[in-house]
Amino acid sequence: RLAGMDPAGEAMNEEFLRAIATEKEHGVKLAEESLAHIEAARSALAPADYEQLKGCFERTLLTARLQRAAAAVYFGFRAWSRGGPFRTPFVTRTVREGLSQLQAAAAAVRAYAGPVPVGQWHWRRDADEADRYFRWVTEGWPARTRGFANPQAGMKFPSDPSSP
């Protein structure tokens with residue numbers, strides 16, 4: 001058993017959440033920079049190549065934003081669910097902001113007007129996963145997901161920003 005792990009086996013805390021948030025923010029920044037490079041190279045590219053690259057990196061940026069928000073909500077809620085000293089201002093703020101960003105990111109994925117390649121993975125379905133996390137965190141985490149019991153079962157994040 002790891003130090004700081006609760007009896008249910010949960011070890012998520014503010015330190016881990018900060019590391020995850022930093023990683024996801026870096027991914028968003030890289031995607032933004034990549035898209036800017038594509039735009040800067042526009043004059044050197046054939047129009048069809050530019051459009052293909054631009055679309056790829058637009059979707060990459062939308063995905064990075066969706067994953068940043070989902071990670072904030074999922075991992076933040078895990079830490080928050082541990083109660084007491086784990087409900088730090090950073091953890092609470094991260095979950096609250098993540099919930100808002102999650103809805104916006106899912107809407108942006110659904111609204112994306114460019115062509116979306118479809119293969120074994122359907123990109124727009126990520127928005128449905130985001131909606132599911134939003135519901136689980138705000139309406140109550142299910143007792144079991146994908147066959148596993150959840151220590152957060154039944155817990156829900158308060159909708160009132162003044163709640164701890």
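The following dialogue works through the reading of several features in a predicted model.

Q: How is the confidence of the chain summarised, and where is confidence lowest and highest?
A: pLDDT expresses the predictor's confidence in each residue. The mean pLDDT of the chain is 91, and 92% of its residues reach 70 or more. Among the elements, helix 1 (residues 14–40) has the highest confidence, at 97, while strand 2 (residues 148–149) has the lowest, at a mean of 86.

Q: Which secondary structure elements make up the chain, and in what order do they run?
A: The chain contains 4 helices and 2 strands. Read from the N terminus, the order is α-α-α-α-β-β. As for overall extent, the C-alpha atoms fill a box of roughly 60 × 35 × 25 Å along the principal axes. Of the 164 residues, 35% count as buried.

Q: What is the relation between the axes of helix 1 and helix 2?
A: An angle between N-to-C directions is read against a cut-off, and angles over 145 degrees count as roughly antiparallel. Helix 1 and helix 2 pack with their axes 9 Å apart, at an angle of about 165°. These two helices are therefore roughly antiparallel to each other. The crossing of helix 1 and helix 2 is left-handed.

Q: At what angle do helix 1 and helix 3 cross, and how is that angle classed?
A: The axes of helix 1 and helix 3 (residues 89–111) come within 10 Å and cross at roughly 45°. That angle makes helix 1 oblique to helix 3. Helix 1 passes helix 3 in a left-handed crossing.

Q: How many aromatic pairs does a search of the whole structure find, and why is the pair of Tyr-74 and Tyr-133 classed as tilted?
A: The search finds 10 aromatic pairs. Between two paired rings, planes under 30 degrees apart count as stacked, over 60 as edge-to-face and the rest as tilted. The ring centres of Tyr-74 and Tyr-133 are 5.6 Å apart and their planes stand at 55°, so this pair is tilted. The pair links distant parts of the chain: Tyr-74 belongs to helix 2 (residues 47–80) and Tyr-133 to helix 4 (residues 125–139), 59 residues apart. Tyr-74 is partly exposed, because its relative accessible area is 26%.

Q: How do Tyr-133 and Trp-141 pair, and are they buried or exposed?
A: Tyr-133 forms a stacked aromatic pair with Trp-141, with 6.2 Å from centre to centre and 25° between the planes. Both Tyr-133 and Trp-141 are buried.

Q: Which residues form one aromatic cluster with Tyr-133?
A: The cluster consists of Tyr-74, Phe-75, Phe-77, Trp-80, Tyr-133, Trp-136, Trp-141 and Phe-157.

Q: Where does the charged end of Arg-18 sit, and over which face does Arg-82 lie?
A: The position of a charge is read relative to the ring centre and the ring normal. The charged end of Arg-18 sits over the ring of Phe-90, at 3.8 Å from its centre. Arg-82 lies over the face of Phe-86, 3.8 Å from the ring centre.

Technical notes. Residues are numbered from 1 along each chain as its sequence is written. This is a predicted model: local features need pLDDT of at least 70, side-chain atom pairs count only at pLDDT 80 or more; totals for chains, interfaces and linings use all residues. Side-chain values use heavy atoms; hydrogens and water are left out. Rings of Phe, Tyr and Trp (its six-membered ring) pair if their centres lie within 6.5 Å; planes under 30 degrees apart count as stacked, over 60 as edge-to-face and the rest as tilted. Buried means under 20% relative accessible area, exposed over 50%, partly exposed in between (1.4 Å probe, protein chains only). A charge sits over a ring if NZ of Lys or CZ of Arg is within 6 Å of the ring centre and within 35 degrees of the ring normal. pLDDT is the predictor's confidence in each residue, from 0 to 100. Axes are lines fitted to C-alpha atoms, for helices over the stretch in contact, and angles run from 0 to 180 degrees between N-to-C directions. Angles under 35 degrees count as roughly parallel, over 145 as roughly antiparallel, 65 to 115 as roughly perpendicular and the rest as oblique. A crossing is left-handed if the near helix is turned anticlockwise from the far one by less than a right angle, and right-handed if clockwise.
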